[in-house]
Amino acid sequence: MSRLRQGGLIDRSRPLSFSFDGRSLAGFAGDTLASALIANDVALVGRSFKYHRPRGIFSAGSEEPNALVELGAGARREPNTRATTVELYDGLIAASQNRWPSLAFDLFAINALLSPLLGAGFYYKTFMWPAKAWEKIYEPAIRRAAGLGRASLEPDPDAYEKAHAFCDVLVIGAGPAGLMAARASARAGARVILADEDFLLGGRLNAERCEVDGEAGSAFAANAVAELASLPNVRVFSRTTVFGVYDSGIYGALERVGDHLAEPLAYAPRQRLWRIVAKRAVLAAGATERPIVFGGNDRPGVMAAQAVQTYLNRFAAMPARQIALFANNDSAWRVGLDIARAGGEVAAIIDIRRAVAPTLTEEARRLGVRILLGGQVVSTSGKRLRSIKVATEKGVERLSVDGLAISGGFSPNLHLAGHHGGRPAWKDDIAAFVPGRAPPGLLVAGAAAGRFGLAACLADGVEKGAMAARDLGFHRKPDAPPRAEDEAAAVEPFWRVGASRGAAFVDFQNDVTAKDVQIAHAEGFRAVEHLKRYTTLGMATDQGKTSNVTGLAIMAALAGRSIAETGATTFRPPYTPVAIAAFAGHHRGKDFRPTRPTPTHAWAERQGAVFVETGLWLRAQYFPRAGERDWLESVTREVKATRASVGLIDASTFGKIDLQGRDVGAFLDRVYINTFSTLPIGKVRYGIMLREDGFVMDDGTTARLGETHYLMTTTTANAAKIYQHLEFCLQKLWPELDVKLTSVTEQWAQIALAGPNARRVLRAVIDAGVDLSNDALPYMGAREATVMGGVKARLFRVSFSGELGYEIAVPARHGEALANALMEAGRGYDIAPYGVEALSVMRIEKGHVSGPELNGQTTARDLGFGRLASAKKHYIGRVMADRPALRDPARPSLAGFKPVDRVSRLRAGAHFTALGKPAAIEHDEGHMTSVAFSPSLGHWIGLGLLARGSERIGERMRACDPVRGGDVEVEICSPVFVDPDGERLRV
Amino acid sequence: MFDFLTRFPPALVIPPGRYGAAGAGVIATRIEGLEIASLAAAPDRIEELRGRCRADFGLDLPAGPRRAAGEDVEFIGVGPGRWLALGGEGLEERLRSRLSPAAAICDQSDGLILFDLTGPRLRDTLAKGLAIDIDPSVFRPGDAATTAVALIGVTFWLLDEKPTFRFAVPRSYAPAFSRFLVASAAEFGCVVS
Amino acid sequence: MRIPCPYCGWRDAQEFAYLGDATVERPDPAAADAPARFHDYVYLRENPAGPHSELWRHSAGCRQWLAVRRDTTTHEIIAAEFVRGRGARR
């Protein structure tokens, strides 16, 4: 066991059991999966992405490039989870990934031997030709060999949420700087949110042996968190990663609500995606330690020095028995001293520098630690690290170690500061990039700003927190920062051991080596963005947190440029991966988007309706009856019943816009191609609206209810769009017009009653005294009335079906009662409810255009409405509709089609070519837009857009449908198949 | 998605009952019996309309997204020159007789469904759908907002400091609204009455 | 992105519908050169880098059309006002 007997911030009274690759292991509450594996002496955790090299745990945080595991089982199995961020829970199941048949013996490790062939650009160069082989051979093979974990194929059983939060100051990171920033802002009175990705707040205060205000760092952190949590103006989010900065002070954050449990609590989500709107933010995300590049630097047992320190101090887990340190800075020395003080064996501290602060060297000597100044690790050996070779002035020496802590210096975690296009700036004295221009309202504090000392972090946090609050008008003299010491932090830039042997990794997760960077340089991919894409450096799920700076430093050296000149790649959200389910939140499955029922939904359900989604609406598609074999039989029956006697359908989904005001008539004249100012009160007129570019936008009927009162209907699909268009016309184009628009779509239930017996049925539900005669309420008449004993109603004598028809509108709550009353009244007439399929059949039989014809590419002339357009007025779209190309008579125009054999089925989407011509694009003369089996005619019919269609009645064409294999000879006819003179409408 | 939600068809308002965890973190009550009408005034008639409201209802029409409540009628600002009016029976006629033609008046009693929402965890629940700040220090009783919650256009206002929020939801969106509400309040315990 | 609606206050851009350039004015359809001017009005748009006036409608809020001044290079929202009462009258 590598667990120390005492110490650490784990709860030894709460042992937990878990498994890794089927092995049962034990840990404690407060462990991460990584710390528990280390405590169980598990060093080999996974295989690398490309070369299948054995890998261990490198870091102790979200920057981890190596220790990716499959977490959970069954539907909850999640691949590529960083063991270093997984909070241990009882019963946790984890498995290594990207190995076969086992982690210890992986057949694909052959890739490592092929590594000389598989370098940067290999795929680009090798698999370019032939193209087909790529799809069929190379890609499947590569996908099997290279890769990450396996996702569960079952539906995700957990719930996810999105939520919004607002604050004055958002503090990102709860280390020393973040805690002080949050405290300073909060004490000044600002509304503060403090978020940290860890489950234990405090950052490095929990990982290093330090004192703040005379108490242990971890205790100081716990007290500061407790104070913040107790304040009413502060919200503290642990397990919450702020992953992105967006425009206007919006921050994306992912709260892992239930990831530390075997499954989320009942009724709680697994994760919650926060949109935090913050007036100011303080980024206090700390810094990430960089590896040094040398041969075999990826071997299990090689670990970031600070990670060793974290496992030792926070988790009381010793990562190895004999540990050497290899560094270019002072920080690693303190790690070595911590190990020695905890009773660990430090084989040597190897520093590339020849001079190191005497305080460090003296303390090391006092503890009996061997010091190798001016030394470099040149190679390593062992599947799990067994030994390293160190080169010094005196020659090369082999050291037996099973642990090597490395530190190439620190990169401030400035990612979020770069999300808004900000470019970082290079600072030579700390050999690191620091934030340049940060997003508006974002301040950077502590190590994230390149201030690495503890005292500096605390002071910077206080200052930035107070500054953020002060900007917002919260004035309070900030408290003096807590007492602490600034540790020695000298660093000498050093990236790569030049004389090393073996693969020397820059990007562990994507297996990018120093040699790959050399290849990129040699082949001209020298710009940082090219380097990234050619080698895939920094493109893995860790986004190169540990590798980017090293990679571009190596490139800078090869190109003979400074790092500042070389520049950094662009930072983009998310900082760490976010599950797509979190972005979807509540909107999954049936809740993907709202479902809008019609006012008669329950009635239709009782009638046995089959429903269909039309936009957000759920409408009755057809009403099957016992014995009917398929939908076509039901639809045919519904059409026949309506045409023979009477039928009804809910038409509430059409957009209904109430227009009132002095100028409504004039306004309608400007938005419709035809005239509405002359429409008599009590009349309805069909109208066409164009877009400003001259194409048809929408159609519908508008009724005049009073001198200054009209009611417009739009198509279901365009209801919101037309309302928006009309508002645009009124607010932007013609604000002088007195027109008030109100959407009344939701207020009214509207039922269309159609068929020769419609009047008889309507008479039974209408209140006494309403004259329904053809003279009193003729075709295209409208009036108010009451139905069912006093329910206010509006009657419109309009018809989409082509039969004698009425639309009856009542307040929505009465919709169901009206449907029932009509059914009751129509019982003697075999009344049939019909759905949108029958509606569509009847409109095609009548040649009425709908969505497939109003496709945004047709003009009023194309659709046969040329004569409707008024020449006496200006209206939207008129000027552009007059363009010569839109007046070209050769444009496809509306025509009807029937199969010559009267038997074949027609297909919408079929293209027309002349008889005898091949079905090729150069012979294309138009396409079929809508088809139906016509119960009235007993064969299939279609509407279509055909070049000069309206002039070619009687001609025959091919209707080709290569996709579905159809090739039908059709006869061109009038688009009106039933009652061409409209006699049935006017009876 | 929570399993219990899948029991209910998406076209139906979640029926009365207790959902989710034990307790009553959120209580939702459908309000019936109030009539609703929309008012729209041309920019040059707004002052006239204001005067009539003051004379006939003793109320100052709010100039922004606020609520002005009298004994038998209340007005909620929903846009420049636009208000929702709520009141007892005969509201539309009362408004029409006093305010027409300074305003276009449309009955919306059937177009909007009213829900009163309250409970100790209501703000936490609403934060899951509302993208506006409803912190008590910012959104005070009498404040109103027209916005979207879970892709649904709503108008709501704060009645009191308990807090009780009244939501006006378009009729056809009431099922989706109720599903959002119950799903979001489930962890706190949700009572639909 | 957030937009300060003059009626509703600061709101998320998701509540708004975008239409584009607010500086173009609908030409007089009776003008002799109406076809050419409408062509420009419908199809030609400047694409300035920097502050630009754009039409946004507060669809989920007060339903007003706004002229929003936005810096296209930073997405900074500089100002927003109702178009009603400021646009052309034709």
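Author: A salt bridge is counted where a side-chain nitrogen of Lys or Arg lies within 4 Å of a carboxyl oxygen of Asp or Glu. The model discussed here is predicted, with local features needing pLDDT of at least 70 and side-chain atom pairs pLDDT 80 or more, while totals for chains, interfaces and linings use all residues. Residues are numbered from 1 along each chain as its sequence is written, chains are lettered from A and ligands numbered from 1 in the order in which they are written, and side-chain values use heavy atoms, with hydrogens and water left out.

Reader: Why is the pair A:D213 and A:R483 called a salt bridge?

Author: The closest N and O atoms of A:D213 and A:R483 are 3.9 Å apart, and the pair therefore falls within the 4 Å limit. Over all chains, a search of the whole structure finds 89 salt bridges. In general, side chains of opposite charge can pair when their charged atoms come close.

Reader: What makes A:D213 and A:R483 a link between distant parts of the chain?

Author: The two residues are 270 residues apart. A:D213 sits in the loop between β10 (211-212) and β11 (215-216) of chain A, whereas A:R483 sits in the loop between α10 (454-471) and β29 (505-507). These elements are DSSP runs, helices being H or I of at least four residues and strands being E of at least two, numbered from the N terminus.

Reader: How do you know that chain A and chain B are in contact, and how many residues does each give?

Author: Contact means heavy atoms within 4.5 Å, and by that rule 49 residues from chain A and 50 residues from chain B take part. Between them the two chains bury about 3900 Å², 52% of it on carbon and sulfur atoms; buried area is the accessible area, taken with a 1.4 Å probe, that two parts lose on being put together, summed over both.

Reader: What makes B:K128 and A:E161 a salt bridge?

Author: Their side chains meet at 2.8 Å, N to O, and the pair therefore meets the salt-bridge rule. Ten salt bridges are found across the interface of chain A and chain B. The same interface has 22 residue pairs in polar contact, both residues being at pLDDT 80 or more. A polar contact is a pair of N or O atoms within 3.5 Å; within protein, one must be able to donate a hydrogen and the other to accept it, and residues adjacent in sequence count only if both atoms are side-chain atoms.

Reader: Which elements give two or more residues to the side of chain A that touches chain B?

Author: They are β8 (160-172), β31 (596-597), β33 (617-622), β35 (655-660), α19 (719-733) and β39 (740-743) of chain A, and the largest share, five residues, comes from β8(A). The residues on this side divide into 19 nonpolar, twelve polar and 18 charged, where Ala, Val, Leu, Ile, Met, Phe, Trp, Tyr, Cys and Pro count as nonpolar, Asp, Glu, Lys and Arg as charged, and the others, Gly among them, as polar.

Reader: How many salt bridges does the rule find across the interface of chain C and chain B?

Author: The rule finds zero there, although ten residues of chain C are in contact with 15 residues of chain B. About 960 Å² is buried between these two chains, with carbon and sulfur atoms giving 57% of that area. C:Y7, C:R11 and C:A60 supply 54% of what chain C buries against chain B, more than any other three residues. The count of polar contacts comes to six residue pairs, both residues being at pLDDT 80 or more, and the touching side of chain C has four nonpolar, two polar and four charged residues.

Reader: In what order do the elements of chain C run from the N terminus on?

Author: They run β-β-β-α-β-β-β, and chain C therefore counts one helix and six strands under the DSSP rule. Its C-alpha trace spans about 45 × 30 × 20 Å along the principal axes.

Reader: Which residues does a cis peptide bond join in chain A, and which in chain B?

Author: In chain A such a bond joins A:P573 and A:P574, with omega about -5 degrees, and A:P574 lies in the loop between α14 (563-566) and α15 (580-584). In chain B the bond joins B:S100 and B:P101, with omega about 5 degrees, and B:P101 is placed in the loop between α3 (91-99) and β7 (104-107).
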